[in-house]
Amino acid sequence: MATAERLQKEAQTNPGGLAKAFAATLKDFGYPVDAAYCKTQIEAWQRGEAPKGGPSMFIHGWLRDGMS
């Protein structure tokens, strides 16, 4: 389990690594996303933007609530 605090810290210190991990997880769910897409969504979350549906909702939710 990754807490929201841990993921948020990782988003600040290693957004590229976190984006790769998110992309791998989302691919397991069947979403055809790459690390660049995930990094863009991490940056959008950091700016306070709302998710735009689909996989971005997962990313924003993980950053807000953590992953279990």
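Which residues does Trp62 touch, not counting residues up to four places away in sequence? Trp62 touches Ala4, Leu7, Phe22, Thr25, Leu26, Phe29 and Met67, where contact means heavy atoms within 4.5 Å. Trp62 is found in helix H4, and this briefing is built around that helix. The model is predicted: local features need pLDDT of at least 70, side-chain atom pairs count only at pLDDT 80 or more, and totals for chains, interfaces and linings use all residues. Residues are numbered from 1 along each chain as its sequence is written, and side-chain values use heavy atoms, with hydrogens and water left out.

**Helix H4 and its cover**

- Helix H4 spans residues 55–65; helices (H or I, at least four residues) are DSSP runs numbered from the N terminus.
- The buried residues of H4 are Pro55, Ser56, Ile59, His60, Gly61, Trp62 and Leu63. Buried means under 20% relative accessible area, exposed over 50% and partly exposed in between, with a 1.4 Å probe and protein chains only.
- The cover over these buried residues includes helix H1 (4–13), helix H2 (15–28) and helix H3 (35–46).
- Just after H4, Gly66 has a positive phi of about 90°.

**Packing of H1 against H4**

- Two packed helices are described by the angle between their axes and the distance between the axes.
- The axes of H1 and H4 come within 6 Å and cross at roughly 115°. Axes are lines fitted to C-alpha atoms, for helices over the stretch in contact, and angles run from 0 to 180 degrees between N-to-C directions.
- H1 and H4 are therefore roughly perpendicular to each other. Angles under 35 degrees count as roughly parallel, over 145 as roughly antiparallel, 65 to 115 as roughly perpendicular and the rest as oblique.
- From H1, Ala4, Leu7, Gln8 and Ala11 meet Trp62, Leu63, Arg64 and Asp65 of H4.
- The residues of this contact comprise five nonpolar, one polar and two charged. Ala, Val, Leu, Ile, Met, Phe, Trp, Tyr, Cys and Pro count as nonpolar, Asp, Glu, Lys and Arg as charged, and the others, Gly among them, as polar.
- Trp62 and Leu7 are 55 residues apart in sequence, with their C-alpha atoms 7.6 Å apart in space.
- Asp65 and Gln8 are 57 residues apart in sequence and 9.9 Å apart in space, C-alpha to C-alpha.
- Asp65 is placed in helix H4, and its side chain makes a polar contact with the side chain of Arg64 at 2.7 Å. A polar contact is a pair of N or O atoms within 3.5 Å; within protein, one must be able to donate a hydrogen and the other to accept it, and residues adjacent in sequence count only if both atoms are side-chain atoms.

**Packing of H1 against H2**

- The H1 and H2 axes come within 6 Å and cross at roughly 125°, and these helices are therefore oblique to each other.
- Leu7, Glu10, Ala11, Gln12 and Thr13 of H1 meet Pro15, Leu18 and Phe22 of H2.
- By class, the H1 contact with H2 has five nonpolar, two polar and one charged residues.

**Aromatic pairs**

- The structure holds four aromatic pairs. Rings of Phe, Tyr and Trp (its six-membered ring) pair if their centres lie within 6.5 Å; planes under 30 degrees apart count as stacked, over 60 as edge-to-face and the rest as tilted.
- One of them is the tilted pair of Phe22 and Trp62, 5.1 Å centre to centre with 45° between the planes.
- This pair links distant parts of the chain, with Phe22 in helix H2 and Trp62 in helix H4, 40 residues apart.
- Phe22 counts as buried at 1% relative accessibility, and Trp62 is buried with a relative accessible area of 10%.
- Phe58 and Trp62 also form a tilted pair, 5.7 Å centre to centre with 40° between the planes.
- Both Phe58 and Trp62 lie in H4, four residues apart, about one turn of the helix.
- Phe58 is partly exposed, with a relative accessible area of 30%.
- Ring pairs link Phe22, Phe29, Tyr31, Phe58 and Trp62 into a cluster.

**Gln41 and His60**

- Gln41 lies in helix H3 and counts as buried at 10% relative accessibility.
- Leaving aside neighbours within four places in sequence, Gln41 is in contact with Ser56, Ile59 and His60.
- His60, in helix H4, is buried with a relative accessible area of 4%.
- With neighbours within four places in sequence left aside, His60 is in contact with Gln41, Ala44, Trp45, Glu49, Ala50 and Pro51.

Conventions. Helices (H or I, at least four residues) and strands (E, at least two) are DSSP runs, numbered from the N terminus.
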